[in-house]
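Visitor: Please take me through this model one question at a time. Start with the terms for its elements.

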Amino acid sequence: MDLMEQLEKIFSEAQEAVASTGSVAELEQAKARFLGKAGSLTELLKGLGKLSAQERPRAGAAINQAKSRVEALVQSRRDAIVARELDAKLAGEAIDVTLPGRRQGAGGLHPIARVQERVEKLFATMGFSVADGPEIENDFYNFTALRVFPNHPSRSMQDTFYVAGSELVLRTHTSPVQIRYMEAHEPPVRIICPGRVYRVDHDATHSPMFHQVEGLWVDEGISLADLKGTLAQFLRAFFERDDIAIRFRPSYFPFVEPGVEVDMAWPRNESTKPDSPREGGETRYLEIGGAGVVHPDVLRNVKIDPGKYSGFAFGIGLDRLAMLKYGVDDLRLFFENDLKFLGQFR
Ligand code: FA5
């Protein structure tokens with residue numbers, strides 16, 4: 001093969017190699033095969049010395065010309081690759097000005113927080129102020145001061161989470177706030193206390209963490225009739241209807257005498273919203289709270305004279321009120337953080 005044929009062969013190899021490259025790095029590698037230190041054209045140039053003085057100039061010119069042609073090939077491929085990469089980058093960063101703007105998602109109050117706010121507002125219109133107490137309570141306030149003595153069977157109905165090696169419990173109800181408040185205030189006392197409470201419970205109407213609102217009204221001459229009137233008035237305002245059906249069932253709580261369980265009608269028709277039992281559909285009652293007339297010993301323990309003062313107390317499940325208000329039949333939905341569910345209450 002003479003030199004010219006050799007150069008043609010190298011050039012066509014170079015064309016093929018350069019054309020098959022897809023990136024600048026690949027192109028550099030291809031270039032090195034022909035023009036690098038050990039490249040095929042470089043090798044030919046190195047061999048010039050072996051030629052005769054006559055042949056040398058023509059051969060040198062031919063090799064250099066082939067070199068320039070390969071360099072031109074490489075340059076035009078480089079331009080093409082860079083242009084393509086730029087196009088791809090620009091396309092990737094393109095802004096579609098016709099797209100709608102991105103909005104900051106608006107948050108909303110949790111349905112239980114809404115119910116709590118509403119309860120606070122409605123009781124405020126009846127002269128109740130809002131009191132507060134610790135969620136990590138000691139055994140004395142949660143049980144003993146409410147006459148739920150150690151080993152009393154009613155303790156087992158409020159099985160709770162104890163803090164190991166201490167007298168501390170996660171409060172099982174909001175009733176300890178009654179004691180704390182009466183220790184610090186003289187009658188007349190008219191408070192509600194909404195807040196989180198904890199028990200070892202878990203089913204469709206019981207959650208291990210739930211909410212109660214405690215109510216306490218202590219003054220001269222307060223009776224069970226006041227309790228019934230207050231609760232009925234509250235529930236009518238809360239559910240915005242006059243025909244709310246509630247029933248009092250005799251019950252036992254050591255800190256009241258007499259004690260009742262308060263149930264509200266909950267028809268299981270298509271709406272599942274509270275309704276009058278008269279309106280047809282299968283009605284069942286859902287227990288919403290416990291209540292009663294404050295036991296004289298509880299008053300005595302906080303240095304209030306039961307001969308002069310009397311009062312009523314109640315503890316209502318806020319989550320149960322939310323279930324009835326919004327027609328939700330599984331309480332656990334409120335606490336699963338499912339935004340599709342929670343978003344409905346905005
Ligand atoms: C009490 O907790 C008493 N402290 C109520 C009370 C207060 C009685 C003042 C007398 C005077 P009870 O255990 O029944 O009572 O609970 C009251 C309400 O809390 C129940 O009617 C129900 O509505 C709600 N409740 C109880 N356990 C759960 C639970 N695990 N999940 C959701 N709600 C619950």
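Guide: Helices (H or I, at least four residues) and strands (E, at least two) are DSSP runs, and their numbering starts from the N terminus. The model is predicted: local features need pLDDT of at least 70, side-chain atom pairs count only at pLDDT 80 or more, and totals for chains, interfaces and linings use all residues. Residue numbers run from 1 along each chain as its sequence is written, and side-chain values use heavy atoms, with hydrogens and water left out.

Visitor: Which residues are the closest to the ligand?

Guide: A residue is near a molecule if one of its heavy atoms lies within 4 Å of it. The ligand is surrounded by 27 residues, which divide into 9 nonpolar, 12 polar and 6 charged. The closest are His173, Ser175, Arg199, Ser207 and Glu287.

Visitor: How much of the ligand's accessible area does the protein cover?

Guide: Polar contacts (pairs of N or O atoms within 3.5 Å) include one of 2.8 Å between a ligand oxygen and the side chain of arginine 199. Ligand oxygens also lie 3.4 Å from an N or O atom in the side chain of glutamate 261 and 3.5 Å from a polar side-chain atom of arginine 320. Accessible areas come from the Shrake-Rupley method with a 1.4 Å probe. Of the 680 Å² that the ligand has on its own, the protein covers 96%.

Visitor: Which element gives the most to the shell around the ligand?

Guide: Strands E5 (209-219), E7 (256-267), E8 (283-294) and E9 (310-317) each give two or more residues to the shell. With 5 residues, the element that gives the most is E8.

Visitor: What separates glutamate 43 and lysine 46 in helix H3?

Guide: These two residues form a salt bridge, with the closest N and O atoms 3.3 Å apart. Because they are 3 residues apart in helix H3 (residues 40-46), the separation is about one helical turn.

Visitor: Is lysine 325 buried or exposed?

Guide: Buried means under 20% relative accessible area, exposed over 50%, and partly exposed in between. Lysine 325 pairs with glutamate 240 in a salt bridge of 3.6 Å between the closest N and O atoms, and the pair ties together parts 85 residues apart, since glutamate 240 is in the loop between helix H9 (224-239) and strand E6 (246-251) and lysine 325 in helix H11 (residues 318-326). Glutamate 240 has 61% relative accessibility and counts as exposed. At 17%, lysine 325 counts as buried.

Visitor: Which residue is linked with Glu240 and Lys325 in a network of salt bridges?

Guide: Side chains of opposite charge can pair when their charged atoms come close. The network holds Glu240, Lys325 and Arg118.

Definitions and conventions. A polar contact is a pair of N or O atoms within 3.5 Å; within protein, one must be able to donate a hydrogen and the other to accept it, and residues adjacent in sequence count only if both atoms are side-chain atoms. Ala, Val, Leu, Ile, Met, Phe, Trp, Tyr, Cys and Pro count as nonpolar, Asp, Glu, Lys and Arg as charged, and the others, Gly among them, as polar. A salt bridge is a side-chain nitrogen of Lys or Arg within 4 Å of a carboxyl oxygen of Asp or Glu. Buried means under 20% relative accessible area, exposed over 50%, partly exposed in between (1.4 Å probe, protein chains only).
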